[in-house]
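Work through the exercises below with the sequence and coordinates at hand. Each task is followed by a worked solution.

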Amino acid sequence: LLRQQVAAKGDVLVIQGNEDAQFRAVLEKAHEEGIQIICVDTPCQDFPYDLYVGTDNRAAGEMIGRELARLTDGQADVAVVSGEEGYLNLEERLEGFRDALVDYPGIHIQDVCYDEYDGLTFMQLYHDLSDEADALVCLEGTGGQTVYHTYAQRDDTYRVIVGFDSYDGVRSGVLDGVVKQDTEQMGWKVVEEIAGYIENGRYSAEEIYTDIMWLTSENYDEVMKE
């Protein structure tokens, strides 16, 4: 599909970043031909795309770290589950999370594991990691969504579970909180930036960060209205 879009000689390609070698090779060809590359939600690592619109992932990692510290009173053994190694957005979230925990010496990261965006793999990790950890951090949506779809109500495997994007999991109480990304704002900003480029020949910045909020069962109705 990406090759078809490049062959169609469009002016702009709007994509999610992907570290697959074949995917990147097609993007490089498009860039050489003068097609603008805009990454939405997920950036590419070490690739000369023209614009990124999405979450400041380091800031999102710091947010989840601070909220975890608050929920655990600064004392926890933590297991971290991410999606797949090598993805810049996930690496930045992990870096931000580690940075936030510098101020909380009572919080210890026991493991950082990868579920490969697969629910069955995640559930195996969910049970295995609980032997050493009492808090679980999911750095992408698969983890939180899988917990929500597996358990109708909170179980006692972990004292605290936090993650990304699993809104229903928060509402049901299965998760204690998630970072809510503003994906609708991402779409609006992409359109605004393309229009601005047509008019002015440039984007307003190389990176445009959209809003993030901490979502809990207590503030659910208020945050979801925004």
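**Exercise 1. Find the angle at which helix α5 packs against helix α6, and classify the arrangement.**

Solution. The model is a predicted one.
Step 1: locate the helices; α5 covers residues 119–129 and α6 covers residues 141–150.
Step 2: take the geometry of the pair; the angle is about 80 degrees and the axes are 10 Å apart.
Step 3: classify; angles from 65 to 115 degrees count as roughly perpendicular, and α5 and α6 are therefore roughly perpendicular to each other.

**Exercise 2. List the residues through which α5 and α6 meet, and sort the contact by class.**

Solution. 
Step 1: on the α5 side, the residues are Gly119, Phe122, Met123 and Tyr126.
Step 2: on the α6 side, they are Thr142, Gly143, Thr146, Val147 and Thr150.
Step 3: sorted by class, this contact holds four nonpolar and five polar residues, with no charged residues.

**Exercise 3. Describe the largest pocket by volume and lining.**

Solution. 
Step 1: the volume of the largest pocket is about 260 Å³.
Step 2: 16 residues line the pocket, and the closest to its centre are Gln16, Asp41, Thr42, Asn89 and Tyr117.
Step 3: helix α4 (residues 88–101) gives the most to this lining, with three residues.
Step 4: by class, the lining has four nonpolar, eight polar and four charged residues.

**Exercise 4. Count the cavities of 30 Å³ or more and describe the lining of the largest cavity.**

Solution. 
Step 1: the count is one cavity of 30 Å³ or more.
Step 2: the largest cavity holds about 30 Å³ of space.
Step 3: its lining consists of Ser82, Glu84, Glu85, Gly86, Tyr87, Leu90, Glu91, Leu94 and Tyr114.
Step 4: α4 supplies the largest share of the lining of the largest cavity, three residues.
Step 5: the classes in this lining are four nonpolar, two polar and three charged.

Terms used. Residues numbered from 1 in each chain as written. Predicted model: local features only at pLDDT ≥ 70, side-chain atom pairs only at ≥ 80, totals over all residues. Heavy atoms only, no water. Axes fitted to C-alpha atoms, helices over the stretch in contact; angles between N-to-C directions. Helix = DSSP H or I, 4+ residues; strand = E, 2+ residues; numbered from the N terminus. Parallel < 35°, antiparallel > 145°, perpendicular 65-115°, else oblique. Contact = heavy atoms within 4.5 Å. Nonpolar A, V, L, I, M, F, W, Y, C, P; charged D, E, K, R; others polar. 1 Å grid on protein atoms, 1.4 Å probe; cavity = no way out; pocket = protein on both sides within 12 Å on 5 of 7 lines; lining within 4 Å. Points joined across faces, edges and corners; volume = space filled by probe spheres on them.
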